[in-house]
Amino acid sequence: MWHGVIEAMAMLAAAALIWTLARFRTVPVSSGRKRAPQVPGLPLIGNTLGLARHGASFIHKCRLQYGDAFRLSLAGRNMTFLFHPEALRQFFAAPTDEIAFRPAVAHFTQRVFMLPSEQFFPKHTLMLSTLRKALVPAELAQHMQRLAVLISQRLEGKLYGTGKVGLLETIKNLVFEPTVKMLYGGAFVAAQDMVRLQQAFFDFEAGFELAASPVPHTLQRSFCSARTHLLTVFRESFTAGQLEGTVIGSLIRECDMDASLAPHVMLAVMWAALANTVPAAFWSVAFLLLPEHAQHRHRCLEALPAKPDIQAYIEVALDRDSHMARCVAEAVRLRAPGIDMRMAAAELALPCGPGRVVRVHKGELLAISPYESHRDERLFGPGAARFDPDRQALHGVDGVAGIGGLSGFAFGGGLYRCPGRFLAEAEVALIALLLLSRYRPELRPAESTPDSGEDVICHGASRAKPRLSAKQQEHRGMGRSISRPEQCKLLEIRGRSARQLCPRQASKAQ
Ligand code: HEM
């Protein structure tokens, strides 16, 4: 039955795309003080399937056709996409009585996390500031200490004694449990079947985008059962008082959340923390493994002393001026989240270049695509689509909190910028440093291996020389952070013997 539904949806999507492309040429590009041109879509559902199924490539095609502003119809709702630097600035910096965040996301947070909006939004500002305070750079050293030991242990466990491992799987395993333990605490982790929890989380994440769309949840069995499991364990841990003294426990206490709200917030924070960090780590490592980026890899590793202990890794990972920090920012820039949304809280006239103003009606959605905009040479200079950690920082969109540098607006901006940014950047840098310095990764030509779902394969690993190779793979199901249209390169990783952690370091992680 499920195959039938999926096939029917795929045919509908294909029909929608063909119809849309066929009409692209006939629609005039608007100029002056007009609404953005409407991208043609199917009756009733409009452009919903085109966007849901083709994501970044659909947005790219629309931008090529329509330029700096165009309008999609998503099951009856208008969504205006903006690309001009002046419009991008307004998107993040306009006051909330002009461009609002909460009404734009309320429907999605309700639908996906089952967050009760009337309870959640009154606490939203306090929740953001509490999380920000807990995760500012000054607080990160203690979190990183724990993360470093846990990740290090898992890295050694994963790369020794295995026949085959996938790079994505390896990264998931390195990130999931340590991050959950750091945010939710040891008591929560000890009470869980972590294998089941991890599986449930990634099933939830894989179904996230479809779940946010109007496709009925009754057709999304895997997503719904994963969500039920996650909410159940969060509810149990809240009731059992397992979260005392943890980042999440403090968030729940300071925002005075009760049992009807806390499990949903725990789910939302878990998703926010992991859904972007996993692909960011994956791509940071993958970019640095390309042969043409070898000099960047060397420059990253030069920052480590000859015999780095865990403290040295933490210091380099926390150094926001290091070359590794630039490489992480560059990887995040190129693989940034698909769409950021707001709502017009008033009738708007948005600047869209000389002599052009785009009108948006009150109540309509606004969107930007960091993935597409980060390839805009007006913002990042020539060769904006290339991985180049030495490139100039973002220019043309100034004066907005959280926006700038190499990562542009990958972490959002303004009032609602990502509160976990500094943690994420340090954690990704740490993973890349550990993996690249303790092993000798190499790229190798494509290998045709059966599609086992594994992207990196470890051949006959001995303790002394683990050796990994990879087949071409499409990075699937990584939510909004990974661009689906592009494919990952092939990897081979040769290892060298890893250092064992001393017992003192290991005990700190418990
Ligand atoms: C590379 C990793 C990450 C990326 C690229 C990323 C990106 C983003 C973006 C784009 C937003 C929306 C901002 C906006 O709409 O303006 C966001 C929100 C958020 N992020 Fe992150 N994030 C990452 C890691 C993390 C981590 C590790 C945490 C840990 C707690 C976190 C917690 C959150 C939360 C709670 C929100 C929601 C804020 C709200 O409700 O307003 N993120 N993130």
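The following dialogue reads selected features of a predicted model.

Reader: Is H7 largely enclosed or largely open to the outside?

Author: Burial is judged by counting neighbours: a residue is buried if 20 or more other C-beta atoms lie within 10 Å of its own. In H7, 15 of the 18 residues are buried, so the helix is largely enclosed by the rest of the structure. Just after H7, Gly185 takes a positive phi of about 95 degrees.

Reader: In what order do the five strands of the open sheet lie?

Author: The order is S2-S3-S8-S5-S4, with mixed pairing. At the edges are strand S2 (69-74) and strand S4 (99-100), each of which pairs on one side only. S2 joins strand S3 (residues 77-82) through six bridges in the antiparallel sense, and Arg71 stands opposite Thr80 in S3.

Reader: Which strands does helix H4 lie across?

Author: Helix H4 (residues 102-113) lies across S4, strand S5 (340-344) and strand S8 (365-368). The helix runs at about 120 degrees to S5.

Reader: Which element gives the largest share of the shell around the ligand?

Author: That element is H13, with six residues. Helices H5 (117-134), H13 (262-289) and H19 (421-438) each give two or more residues to the shell. Of the 23 residues around the ligand, those that come nearest are Ala272, Asn276, Gly412, Cys418 and Gly420.

Terms used
Residues numbered from 1 in each chain as written. Predicted model: local features only at pLDDT ≥ 70, side-chain atom pairs only at ≥ 80, totals over all residues. Buried ≥ 20, exposed ≤ 12 C-beta atoms within 10 Å, placed from the backbone. Helix = DSSP H or I, 4+ residues; strand = E, 2+ residues; numbered from the N terminus. Pairing = 2+ DSSP bridges. Contact = placed C-beta atoms within 7 Å. Axes fitted to C-alpha atoms, helices over the stretch in contact; angles between N-to-C directions. Near = placed C-beta within 6 Å.
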